[in-house]
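Biologist: Can you walk me through this one? I would like to go piece by piece.

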Amino acid sequence: MRHLRDAWRVLVPAAGDPHGPLPPLLVLLTLVTGLVDAFSYLELGHVLVANMTGNVVFLGFAVAGAPGFRWWASLLAIGTFLLGALAGGRIAVAVGRHRGRHLLWATLVEGVLVAVALVVALAARAPYSTTAIVVFVAVLGVALGIQNATARALAVPDLTTTVLTLTITGIASDSRAGGGADSRLGRRLVPIAVMLLGGLIGAALTVRGHGTSDLAVATAALAVVVVGAGAAARSTGAWVTKP
């Protein structure tokens, strides 16, 4: 029961939560990660735009000659993600220490970039040309780099929005069986389940020939985050100041 309560409080924070309204908004960004990575991996040829660990491994596969992997696509994803993370850092500096305002401006930029990818997908047809793939990877790589840098700066525990390795590790290593005090199972299962859901929805749409809908759903989710972050940007309280 405690784990269910903890999971619920990620989605509906209690009054006085040290992170205010940020947790459910970051959960929605986690859904976006699953959607866009489903699109990029299944439609663009084994490349990820959100999870860079995979691209580093894929780069090794491509160099070794494994079929289906493009070395340049993995390098492009890593490079544009770095540019996005750099832009995310500049956004953080520009908006100051208000976490709600930070999330608002970062998500606005990300939303515009994902919407651009959606327009390209509507104008082009799968299977996509090399030029279209370059545009998709570049635009989405920058967008998710901004998202990752923003989640890192907001520093809400267990809600990185793109990386789950440490979250899954913590469930085991922080448990009583692992010698820890609290696995925070309920809280940590939320982003895992939501990213799984994003990947499931994205893959289900793509394999049925509706890959463009992945980007449409991701754009809609980002619009919801923008609305929520807009309200958060006008809020006051102890949670608004970055740690």
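Modeller: Let's begin with Arg125, which sits in the loop between H5 and H6. Keep in mind that this is a predicted model.

Biologist: Is Arg125 buried or exposed?

Modeller: Arg125 counts as exposed, because its relative accessibility is 73% and the cut-off for exposed is over 50%.

Biologist: And how far apart are Arg125 and Ala73 in space?

Modeller: Their C-alpha atoms are 19 Å apart, and in sequence the two residues are 52 residues apart.

Biologist: Why give both an angle and a distance?

Modeller: Because two packed helices are described by the angle between their axes and the distance between those axes.

Biologist: Fine. What about H3 and H4?

Modeller: Helix H3 (residues 52-63) and helix H4 (residues 71-95) cross at roughly 150 degrees, and their axes come within 8 Å. That makes H3 roughly antiparallel to H4. H3 passes H4 in a left-handed crossing.

Biologist: New topic. How many salt bridges are there?

Modeller: The count comes to 4 salt bridges. One of them joins the side chains of Arg184 and Asp158, at 3.1 Å from N to O.

Biologist: Where are those two residues in the chain?

Modeller: Arg184 is in the loop between helix H7 (165-173) and helix H8 (185-207), while Asp158 is in the loop between H6 and H7, so the pair ties together parts that are 26 residues apart in sequence.

Biologist: Is Asp158 buried or exposed?

Modeller: Asp158 counts as buried, because its relative accessibility is 13% and buried means under 20%. Arg184 counts as partly exposed, at 31%.

Biologist: Which other residues does Asp158 pair with?

Modeller: Arg187 is one of them, with a salt bridge of 3.5 Å from N to O. That pair links distant parts of the chain, with Arg187 in helix H8 and Asp158 in the loop between H6 and H7, 29 residues apart. Arg187 is buried, with a relative accessible area of 17%.

Biologist: And Arg188?

Modeller: Asp158 also forms a salt bridge with Arg188, and their closest N and O atoms are 3.0 Å apart. Arg188 is in helix H8, 30 residues from Asp158 in the chain. Arg188 counts as buried, at 4% relative accessibility.

Biologist: Which residues end up in one network?

Modeller: Asp158, Asp174, Arg184, Arg187 and Arg188, joined by salt bridges that share partners.

Biologist: Now the surface. Which residues make the nonpolar patch?

Modeller: Trp8, Leu11 and Val12 make a nonpolar surface patch of about 280 Å². Leu11 belongs to helix H1 (residues 2-11), and it counts as partly exposed at 40% relative accessibility.

Biologist: Last one. Where is Ala153?

Modeller: Ala153 lies in helix H6 and counts as partly exposed, at 29% relative accessibility. The C-alpha atoms of Ala153 and His3 are separated by 26 Å, and the two residues are 150 residues apart along the chain.

Definitions and conventions:
Residues are numbered from 1 along each chain as its sequence is written. This is a predicted model: local features need pLDDT of at least 70, side-chain atom pairs count only at pLDDT 80 or more; totals for chains, interfaces and linings use all residues. Side-chain values use heavy atoms; hydrogens and water are left out. Patches are made of residues with over 30% relative accessible area and no salt bridge: like charges are joined within 9 Å, nonpolar side chains (Val, Leu, Ile, Met, Phe, Trp, Tyr) within 5 Å. Accessible areas come from the Shrake-Rupley method with a 1.4 Å probe; for residues, only the protein chains shown count as cover. Helices (H or I, at least four residues) and strands (E, at least two) are DSSP runs, numbered from the N terminus. Buried means under 20% relative accessible area, exposed over 50%, partly exposed in between (1.4 Å probe, protein chains only). Axes are lines fitted to C-alpha atoms, for helices over the stretch in contact, and angles run from 0 to 180 degrees between N-to-C directions. Angles under 35 degrees count as roughly parallel, over 145 as roughly antiparallel, 65 to 115 as roughly perpendicular and the rest as oblique. A crossing is left-handed if the near helix is turned anticlockwise from the far one by less than a right angle, and right-handed if clockwise.
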